[in-house]
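Here is a short tour of a model with two chains, written to be read with the structure open beside you.

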Protein chains: 2
Amino acid sequence: MELVVLKFGGTSVANIPQIKKIALKVKKEVSLGNKVIAIVSAMSGVTNDLIELVKNTSEIPSYSEYDVVLSSGEQVTSALLAVALEDLGIKARSWLGWQVPIITDRTYGKAVIEEIKTEKINKSLKKNDVAIVSGFQGVSKENRITTLGRGGSDTSAVAMAASFSADRCDIYTDVDGVYTTDPRIVKSAKKLDVITYEEMLELASQGAKVLQTRSVALAMKYGVNLRVLSSFEDTPGTCIIREDQNMEKSEISGIAHSLNEAKITLSGVSDQPGQAAKIFGALAKYSINVDMIVQSSSINQEATDITFTIPETDLALAEKTIKQLKKKIGFKKFLTNTNVVKISVVGNAMKSQSGIANTMFETLAKNQINIHVISTSEIKISVLIDSDYNELAIRALHSAFGLDARLM
Amino acid sequence: MELVVLKFGGTSVANIPQIKKIALKVKKEVSLGNKVIAIVSAMSGVTNDLIELVKNTSEIPSYSEYDVVLSSGEQVTSALLAVALEDLGIKARSWLGWQVPIITDRTYGKAVIEEIKTEKINKSLKKNDVAIVSGFQGVSKENRITTLGRGGSDTSAVAMAASFSADRCDIYTDVDGVYTTDPRIVKSAKKLDVITYEEMLELASQGAKVLQTRSVALAMKYGVNLRVLSSFEDTPGTCIIREDQNMEKSEISGIAHSLNEAKITLSGVSDQPGQAAKIFGALAKYSINVDMIVQSSSINQEATDITFTIPETDLALAEKTIKQLKKKIGFKKFLTNTNVVKISVVGNAMKSQSGIANTMFETLAKNQINIHVISTSEIKISVLIDSDYNELAIRALHSAFGLDARLM
């Protein structure tokens, strides 16, 4: 007997027939003698409709109310799945974030899970009831509803799996696993049977939309046995494993891209200590994630240029924040560019093999693609390029790193 | 400074422009120096959509999950109204049933309020924050969401007004008050400036759709200062008052009708003590409200006929319940008729004046309308007739009792 956490995304619970199908998947686990915690997203489209409602009411809504509206989507699906299971003769009940409870901090709109109380659901699992938990939501210590930010249901699932020491955590989604790159761009992209947490983390944060970054980081931290698989097809999916379990020796596991990028350049920043802290401290206060950072050395040693990237969706807020600091920082120009894409080559093998950066830069140069910014980590190299070259760059790199599937 | 409870029904919060309009009404009360508790329904149509979702998932859903789905409608509007108020510079926050908390029993789907805790909202009111409470919902002692049954938001509003000793409770709806009868049927129907609790109670339970019965009963019990008025027009509405405050001396306050009626006849019931208790006890167990009851005396003293009415929506459940008891009760035939309407003449004056029943029966006879069942209370007479005669009966009675407004 195993304890399994199954997470179903928006497309997996898109409508009633789909919810009934999911119920059959849960039933199958139950009939194998497993105890099941299911995490559900909102029906696809619902969250966007709810956001629209709030935005039409006020341009600057308070996030605590925003969360009350948004959390209703997962509330509905969790109850509907419980009803569908009962209809199949499986005992089940819905658990909202505040009922579990899943306790978070007070960062409404993108809250962080602090603690999950296990007593109540454990009691329910002992009676062999399936626990269906609304993903994406929690409750603050003030007893108000919080949400975990876009894609937060993956995080809910992994956090539940960690807290309940689940034997595995299956993320059901609309793709059948993790690929070497976006199969819509590169037809010959290969599905990976296994990938390490670290690689998945880089792929996720670099824009492979399969799993949310936070959920992978959490899974790595707590050693959650994670698997990505399709709700629609009966294929084995991709297992996310520890590095020492990885028997595959491919140099590079995948190529990711992210179009949600905005490049900001502050030119003529007076060159004195503490400037970066002022800029990035202010952005952090608004929870704006700064990604690539480049500071060009200045010739006259008096002024410098600072270039960095942020999510395009945060650009308006970032611009406002920084312009308020203009006097304090003392820069000349504020330049932005949103016609950019970040392309990342990710692979554990990078640690042990040299020449990967070189292959990457040569491949791009051969295709006349100019690089704006470069950043690296232990297992990835990212470049920021004009978004016009997105597909060309991905195809060329996928081929250059020998990732194309062999044609039979 | 007064404490006022304002309740806004589904049509009053039907869309974002409407919610913004409502926010202005709340703002007006705040600018008068009043403390405000606002109760909101779901956006009109939403509750029906949610019911549809549940019914498409299972024909016999568990009511505890049904309530989780349904309560999301009021959850969304309460937060949206809070956002709209903040947009106007008015401090406000949403309160879900479990956050107040509004504690109910465990009759999911039609729960009864047991207690409302006032501490938290009182604290919030002290800071002059507007409290926006999701109507129609509460929480059971098991910490699960309950709903109060259709139209339950009126009950939420009155219960809140009673618990917080509000100075008044204004029910904003899509009509501008209580009329002598349905103005869509009788063009000359008059709006009443005042009506007593008892009369309103009979009108409400007899099918005047302005206010839910339970809410009126509750208002009477706790002496809540109730008023019905339009969200769309700026008219004074109808005040619901104690009998001793009623200065109007009209004989009859109104004529109500209800089409949601099913007549059940059990014929050949063996005539022995305890039969009625068996039948109505079984129906009560499923919370089916039995209304008019007639037991015909039998000639041979061995068998009798029992006729009664129930809400048409409960007919399938009632049929199943009674047929299971066939052996225990020993009846011959189970007959039903749903093509019936209940017409009621309501008025406090009935207590002191005779001849009202006579006028009613004569008027119906003059129009060749056959009466199936008669029932009476201190301040009303109801008859069950074929639904074909609904409008004819209402018009004739409205005129016979001198309720037609004078044409200027």
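## Helix α2 of chain A

Helix α2 of chain A spans residues 46-57, twelve in number. From first C-alpha to last it reaches 17 Å, close to the 16 Å expected at 1.5 Å a residue; that expected span is 1.5 Å times one less than the number of residues. Helices here are DSSP runs of H or I with at least four residues, strands are runs of E with at least two, and both are numbered from the N terminus.

Which residues of α2(A) are buried? They are A:Thr47, A:Leu50, A:Leu53, A:Val54 and A:Thr57. Buried means that 20 or more other C-beta atoms, placed from the backbone, lie within 10 Å of a residue's own; exposed means 12 or fewer, and partly exposed is in between. The buried residues pack against α3 (63-70) and α4 (72-87) of chain A, together with α1 and α4 of chain B.

## About the model

This is a predicted model, in which local features need pLDDT of at least 70, side-chain atom pairs count only at pLDDT 80 or more, and totals for chains, interfaces and linings use all residues. Residues are numbered from 1 along each chain as its sequence is written, while chains are lettered from A and ligands numbered from 1 in the order in which they are written.

## Where the chains meet

The contact takes 25 residues from chain B and 25 residues from chain A, with two residues in contact if their C-beta atoms, placed from the backbone, lie within 7 Å. On the chain B side, the largest share, ten residues, comes from α4(B). 100% of the interface residues of chain B are also interface residues in chain A, so the copies meet through the same surface.

A rotation of 180 degrees with 0.1 Å of shift along its axis superposes chain B on chain A, with an RMSD of 0.1 Å. That is the relation of a two-fold axis. Within chain B, B:Ser72 comes closest to the rotation axis, at 2.7 Å (C-alpha).

Terms used: Least-squares fit on C-alpha atoms with pLDDT ≥ 70 in both.
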